[in-house]
Amino acid sequence: MPTNPVLTTDLPYALPDFARITPDDYRAAFDEAMSAHLDGLARLRGDGAPPTVESVLGAWEDAEAPLRRVLNAFFAVHSSDASPELDAIDEEMSPRLAEHHDAIYLDAELFGRLTALRERIDAGEVEADEEDSFALDELLRSFRRAGVALGDPEKERLREMNRRLAQLSTKFEQLNRDARNAGAIAVTEAELEGLTAEERAALASGDGYRIELVNTTQQPLAAKLADAGVRRRLFEASTTRALSGEFDTRHVVVEMARLRAERATLLGYPHHAALVAEAGCAKTVDAITEMLVPLAQAALAKARQEAADLRARYAELAPGETFTAADWSYVEAILRRERFAFDESELGEHLQVSRVLDAVYSAAGDLYGISFHPVDGVAGHAPDTQVYEVRDTDGSTIGLFLMDFWARPTKQGGAWMSNIVDQSLRDGTLPVVTNNCNYTRTTTSITWDEVITMFHEFGHALHGLMANSKYASRSGANTPRDFVEFPSQVNEHWAWTPGRVLPAEWIDRLREASRFGQGYATAETELASLLDLAWHTTPLEELPTSADEVEEFERAALDRWGLVDELVPPRYRSQYFAHIWGGGYAASYYGYAWAKVMDADAVAWFEEQTGSLREAGDHFRRTLLAPGGSVEAMETYRRFRGRDPQLQPLLDRLGLTL
């Protein structure tokens with residue numbers, strides 16, 4: 001029996017005993033879990049009896065379970081509270097995990113065992129339900145995409161590339177985090193005009209003040225900083241981070257892009273994006289670009305109209321000065337206040353963190369009948385994590401929710417959800433999920449954008465908590481990249497319910513104000529999506545070969561679609577595009593836009609309903625959240641909506657015309 005505290009626990013809900021786990025425990029748990037995984041699959045491979053659902057799919061899940069547990073626990077901690085010891089483990093394990101993956105998915109005998117089960121099911125010799133068939137077919141497709149049909153020399157080259165890509169991804173994450181930290185700018189108190197006393201206090205550092213960078217190109221504080229010089233310094237620091245010096249990521253970007261292109265060709269695909277699209281809802285790159293390019297072009301055209309208004313207003317604010325990208329959010333905020341009599345600072349009492357979180361939970365209760373109950377004396381994955389037991393309307397427990405609010409230098413930027421324990425009907429496990437934010441300890445109230453982010457990430461959490469699937473590997477948010485953002489975007493809708501977070505009169509004013517600036521907001525995101533596709537559709541021989549070519553490649557890629565505008569840079573530049581180089585969104589950042597189409601269409605459905613909110617919520621929960629990734633994602637949408645999603649509701653929401 002395993003005794004490692006990562007793999008065993010006496011805590012409720014199979015929650016790892018994070019208070020007791022040491023870095024050495026993680027390293028040992030990786031070794032033990034990978035070994036157990038291979039041993040379990042060896043028994044599956046060597047089973048001479050005719051394959052059955054349980055002897056193949058059940059055995060597959062059992063073999064994978066220990067490693068899934070280690071991965072969930074380790075990366076929950078590493079992303080929230082990294083240390084040199086955890087960084088070293090990540091760097092050590094990344095190539096080993098890639099090799100481990102290849103040892104499985106390049107194994108022709110394992111593939112043969114799965115194929116034999118498919119043949120028996122097709123022949124009527126074995127009964128399989130919808131979840132069984134989908135899980136089996138997805139495994140077979142994964143083997144084919146991994147290169148199981150390649151010859152031995154090609155497989156060896158594939159292993160080398162996968163191992164190197166894993167190393168580079170880890171390297172990028174560390175460089176990018178360090179570049180973001182190093183990019184912070186020092187300012188004086190006099191340069192902080194426009195910020196509240198609370199915001200200034202949050203920036204205090206030693207004898208002065210320090211503005212830290214966030215992940216994106218535009219920096220939120222720029223909307224309030226009255227000093228144009230500081231705005232420009234902040235914008236410059238943001239857009240030039242990781243372009244030079246010890247934290248330069250460009251050499252990593254180039255090598256990763258080239259390796260992905262070579263690997264795709266080896267696997268028989270024209271490029272990496274084709275490989276990724278096939279595994280998602282889109283299926284083809286043409287389907288993606290047919291949606292994305294016109295959307296980006298329409299958004300940029302509207303952003304250019306917005307720019308004319310902003311430039312004119314800036315000429316009044318700063319006669320003789322040139323309006324730049326660094327001034328965009330500042331002038332936009334002024335125009336929003338002037339045109340819509342709206343000043344977000346007036347919302348402070350309503351946007352206190354605790355009140356917003358209560359509203360998030362309240363919305364979930366109204367929709368699904370669930371409730372949240374604090375659990376004391378249980379340590380989460382990070383310091384000061386709040387732990388809640390989540391109960392259904394009948395009082396039964398559906399899972400555990402962990403909230404990590406606080407920013408720390410050891411934490412990755414942004415906000416995200418992760419699974420610690422995956423739900424499984426077969427295993428009898430309930431879900432344990434996290435939400436992670438980056439609020440400072442002095443934060444009392446947040447911005448409206450941060451309210452939307454909180455509802456968004458909780459939408460991911462609900463996807464995990466509402467899971468009702470047979471197999472852990474397919475439950476909850478374990479869905480294609482271009483689907484997973486959809487339920488979380490739908491959850492943003494409930495922040496706009498009058499009285500939920502804000503009084504009705506403020507919601508009306510916010511809705512009107514939110515339509516202002518949609519050209520820019522949409523354009524910057526879709527420019528990043530197309531930048532991602534450019535890196536992952538360009539043939540190997542046309543990709544950059546050195547770090548010095550990265551910026552020109554980026555500009556040429558966007559210019560191809562007429563999408564270069566100095567005032568509207570992509571939400572992420574290539575050198576700090578963590579989603580595609582350090583995360584799992586390579587060639588699939590478009591998934592946010594793809595999901596927005598479904599989101600707007602689904603929200604239109606909610607607005608059409610004449611019954612109770614609970615009835616609508618229960619239908620959404622049953623048909624779409626509960627299945628998770630256990631069946632074809634688009635099929636769950638059709639069961640929810642009765643048809644495929646339509647684009648028009650999104651265009652109406654954004655005020656765009658194609």
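Tutor: Ala 312 counts as partly exposed, because its relative accessibility of 44% lies between the limits of 20% for buried and 50% for exposed. The model is a predicted one, and the values below are to be read accordingly. Ala 312 belongs to helix H11, which covers residues 285-317. Its C-alpha atom is separated by 19 Å from that of Gln 518, a residue 206 places away along the chain.

The loop that leads from helix H10 (272-279) to H11 contains Lys 283. The backbone of Lys 283 has a positive phi of about 75 degrees, although the residue is not a glycine. With a relative accessibility of 41%, Lys 283 is therefore classed as partly exposed. A positive phi in a residue other than glycine is also found at Ala 14, where the value is near 60 degrees. Ala 14 is placed in the segment before H1, and its relative accessibility of 30% makes it partly exposed.

Rolling a probe the size of a water molecule over the atoms shows where empty space is left. In this model there are two cavities of 30 Å³ or more.

The largest cavity has a volume of about 40 Å³. Its lining is formed by Tyr 368, Gly 459, Leu 462, Pro 487, Val 490, Asn 491, Trp 494, Phe 620 and Leu 625. By residue class, the lining of the largest cavity comprises seven nonpolar and two polar residues, with no charged residue.

The second largest cavity has a volume of about 30 Å³. Pro 12, Tyr 13, Leu 15, Val 375, Val 378 and Leu 400 form its lining, and the six residues are nonpolar, with no polar and no charged member.

Phe 401 is situated in strand E6, residues 397-406. Its relative accessible area is 0%, so Phe 401 is buried. Leaving out residues up to four places away in sequence, Phe 401 touches Tyr 361, Gln 386, Val 387, Tyr 388, Val 390, Val 433, Thr 434, Asn 435, Phe 458, Ala 461 and Leu 465.

Another buried residue is Thr 239: at 8% relative accessibility it falls under the 20% limit and is therefore counted as buried. Thr 239 is part of helix H8, residues 228-240. Beyond its neighbours within four places in sequence, Thr 239 is in contact with Thr 217, Arg 573, Gln 575 and Tyr 576.

The largest share, six residues, is supplied by H2. The lining of the second largest pocket divides into 10 nonpolar, four polar and six charged residues.

Besides its part in this pocket lining, H2 (residues 53-80) packs against helix H5 (residues 130-146) at an angle of about 65 degrees, and the two axes are 11 Å apart. The crossing of H2 past H5 is left-handed. On the H2 side the contact is made by Val 53, Leu 57 and Trp 60, and on the H5 side by Asp 132, Leu 136, Leu 139 and Phe 143. Six residues of the contact between H2 and H5 are nonpolar and one is charged, with no polar residue.

Note on methods. Residues are numbered from 1 along each chain as its sequence is written. This is a predicted model: local features need pLDDT of at least 70, side-chain atom pairs count only at pLDDT 80 or more; totals for chains, interfaces and linings use all residues. Side-chain values use heavy atoms; hydrogens and water are left out. On a 1 Å grid over the protein atoms alone, a cavity is a set of points where a 1.4 Å probe fits but cannot get out, and a pocket is an open set with protein on both sides within 12 Å along at least five of seven lines; lining residues have an atom within 4 Å of a point. Grid points are joined across faces, edges and corners, and a volume is the space filled by probe spheres set on the points. Ala, Val, Leu, Ile, Met, Phe, Trp, Tyr, Cys and Pro count as nonpolar, Asp, Glu, Lys and Arg as charged, and the others, Gly among them, as polar. Axes are lines fitted to C-alpha atoms, for helices over the stretch in contact, and angles run from 0 to 180 degrees between N-to-C directions. Helices (H or I, at least four residues) and strands (E, at least two) are DSSP runs, numbered from the N terminus. A crossing is left-handed if the near helix is turned anticlockwise from the far one by less than a right angle, and right-handed if clockwise. Contact means heavy atoms within 4.5 Å. Buried means under 20% relative accessible area, exposed over 50%, partly exposed in between (1.4 Å probe, protein chains only).
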